[in-house]
Amino acid sequence: MSVEPLKSALSIGNVDDTSLALPSGPHGRSGQQRVLEQVQTIRRSRSKKSSSSSRSASMSLSPTSPPHDSIFSEALKSPTSPTNGFLFFSKSITQEKNAVMGSAAKKTASSTHQYSAGHAALSSGALGQTLNGRGVSDPRSAPPQRLPSNLSAHRAEGAASRYQLPPAPSVNGNANGNANGRFPADQVDGAKALPESPVNGAPKTQAASGGAADITMKAAVEYLSHQDETYQHCGASYIQHNAFIDDKAKEEVLRLNGIQPLVALLRGSCPRVSQTASAALRNLSFRSDGNKERVHRSGGVTEAAALLRDTDSVEIQKQLTGLLWNLSSVDSLKPDLLKSALPVLMERVILPYTTGPDRTGSGSQDHEVFFNATGCLRNLSSTKQSNRQALRKCPGLVDSLVAHVRERVDAGTPDDKSVENCVCTLHNLTFQLEAEAPALFGRIAALAQDANRGPHSKADAGPIGCFSPQSKPPGHERRFDFPVVEDPQPSGAGWLIHSKTMQSYLSVLETSQREETQEACCGALQNLTAQDSTVSSVMSHTIVQKLNGLRVICPLVKSEKVNIQKSAVALLGNLTKNPNLTNAIARKALPYLLDILSAGTEKGNESDDTLAMACQTSNGLLMNQPEMGKHLLNNKLINSLKDLSQIGYLPKSSKAAALLLYNMWSEKDLQSALKKQGMGKASFVNDITAAALKPT
C-alpha cells in the first residue's frame, strides 16, 4: 500500500509572506508615519542651516546638525565614526522586545524617535500578530515552509506497511507560521531584517514637499560604492527598509546590480555598515531565489562566513546567520554552504552554545543566533545523501544537537523553538541511515551473522545471549531478541542510534505541545525501524522493551492532531514487524487501534492513510495474537469496518477494512468469538471482502 510519508513540517494557509513586522514607534505610529516624520525633520533641519554653505562636488554630508535637533545631533557630529556616525539613530540603544520585534526599539525619555541601531532583528512576539496589515510570526520560529523534500513520495521498499520518512523539506531562515506554529509545505525564506528609516542629511533627489523620500533606489545603490561610510550606510539602510516593505524593491536592486556592492560592504571597516549590509542582503534574499543566487555568485557565502568568524557583535551574528539560513533553502547553494559556512557555524555558534561555558545563553551566546544556525543545518540536512553524509561526519554536530535536545527536556522546555530545528535535523539524518552509514551498525551486523550461521555454529553463537532462545527449523534465520550492548560513550553519528537519543525523542513526544516537533521525533523513530532487517528489529526492541516506548506512543494514536495520529499509527506498524514484540504491542496498542476503527469516519477522521494503516496493523496483531483481541471485538467495531469497506472515496482504507473483516472470519478463535456475539458469515465473507483479496 502506498502511504504518504510523514513530513517534519506542514503547510499552513492564510499567512503573509514575511515573518517580520515593521516596528511601531513608542506612540504606536506606523513605520510609514515615522519615515515621513523623519523626512520632515530632515527638511526642517536643512532649512535652518546657513545657505552660504554649499555642497561639495562629492555631495558629502554636513558634519553638523542644528543644536535643537536632539534626534540627529549625536549621529552627525562624526559621520565616519563607527560609534556615532550612524545615520538615523541616536547613540542610546537597548534591546526591548515588544509584541512583534525581537531586537526592537528602545523607549527613552529624551526622544520619541530613538530606535535600536539598525538591528534588522526578527520579531519575537506572539504568532499571528498584525502590524501594517502584515500577519507575522515569531522570527525565531522555523521558517514558514515545511522542510521541502523531493523524497516525500518515497517509502521503504519491502513490507507493505513498513514506513520510512524522507528528510524534512528545506526551510528558509525564520519565517511565518500561524498560531499553531505549523510550517508551510513549500520552501520559503527566513525572516527579513528590521527596516531602517530614511537617511538624514543625504542629498535630496526629489524636491517635492509632499513627503517624498530623499533618495531613489538608483541613488541608494550608487551610495554603496561611495568612499564615505555615511553614504554607504545610507544606501544599505534604504535598501534594507524597502526590501522589507516591497518585494518589487528586491527586483529593482537586482536589476541595478546592487547586490555585489552590498556583499563588498560586509568586509568593510565600519561595523555598522557591515551590519546594515548583512541585514539588507538578508531582506533581499527573503523568498527570492534570484537574489540568493546573485548573492552566491558575488561571493556572499564566503564573505558572510568570514565576517561571522571574525565578529563578536551579536547583532551582526544575527543578521549573518539569518542570511545563511535564507541561502540554505536553495539546493544549488548547499555544497558551498557545507564547505564554507558549516565549519564557521560549528566553531562560532553551535559548539559554544551547546558545550561552552555560556551554553545556557546567558553569556555571549545569543539564542536567536543559535536558532538561525540550527535552521540552516535543518535545510542543509534535507534532500541529498551527500549533504546528510557531510553533516553526519561533521565533528561535534550530532553530539551538539542531541545534547541541546536533552538539556531542554531536562529543563522542562521541550517547546523551545531551537529544539524543533534540532530534532528535524536529526530526523533528516536518520533517513536511510542503515544504507548510507552501514559502519554504524557493525556490531549488530557481526552478532547477527554469528546468530544466523546455523546449527553447526550453535556453540559459537549461544554464549552471547542476545538472541531468541526459541529453536528455529533448519533454513530459518534466528532473530535478535535483545538490544546489543551499547557504546557507553557514543560520539558523532553514533548518537543517532543510541537509546539515550531515542529516549529524548520519547520524552519530547510526551511533553511537547508543538506538533512539528512531535512529528520530527516520530519521524526519526520511524526511520530507525523502517527496514525489514536485523538493525530495525533491534531498534524496535529498544523502543518497546528497553525504553517502554509504547506508554508514550499508544496514547498518540488517539491524538486530535491528524498528523501526530498518522505518525503514531505508522510507527506502531513498523514496530510490529518484529515478531518477538507482537505480544507486548497487541496487549497495549490493540485497544487504541480498534478504537480508531470503531469510530471510523464519524468523528471527522477521513485520513485514508491513517485508517488504512490502523487496519493493516490491527490485522497483523489479531492474526498473531488472537487471544489478545477476542475480548475487543464487538458489533460497533464490525459495523464500522463494514461501513468503511464500502466508502469509495477512501480506497486504501476500504480495501484494508475488507481484508481485515475477511481475515477475522478466517481465524478460528476470532470466528468463534464473533459467532458467540450473534454475528454471521455474511458480514465477513461477501462480494466486497472477496474483491479485496484480488490482486490489483
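**Aromatic pairs and burial**

I looked up Y353 and F370 and found both buried, where buried means under 20% relative accessible area, exposed over 50% and partly exposed in between, with a 1.4 Å probe and protein chains only. This is a predicted model, in which local features need pLDDT of at least 70 and side-chain atom pairs count only at pLDDT 80 or more, while totals for chains, interfaces and linings use all residues. Residues are numbered from 1 along each chain as its sequence is written, and side-chain values use heavy atoms, with hydrogens and water left out.

I then turned to W665 and F684, an aromatic pair that is stacked, with 5.1 Å from centre to centre and 20 degrees between the planes; rings of Phe, Tyr and Trp (its six-membered ring) pair if their centres lie within 6.5 Å, and planes under 30 degrees apart count as stacked, over 60 as edge-to-face and the rest as tilted. I noted that W665 is buried at a relative accessible area of 9%, and that F684, at 0% relative accessibility, is buried as well.

**N387**

I found N387 buried, with a relative accessible area of 4%. Leaving aside neighbours within four places in sequence, I listed K334, L338, L380 and S382 as in contact with N387, contact meaning heavy atoms within 4.5 Å.

**Confidence**

I recorded an average pLDDT of 73 for the protein, with 62% of the residues scoring at least 70; pLDDT is the predictor's confidence in each residue, from 0 to 100. Over residues 174–188 I found the pLDDT below 50.
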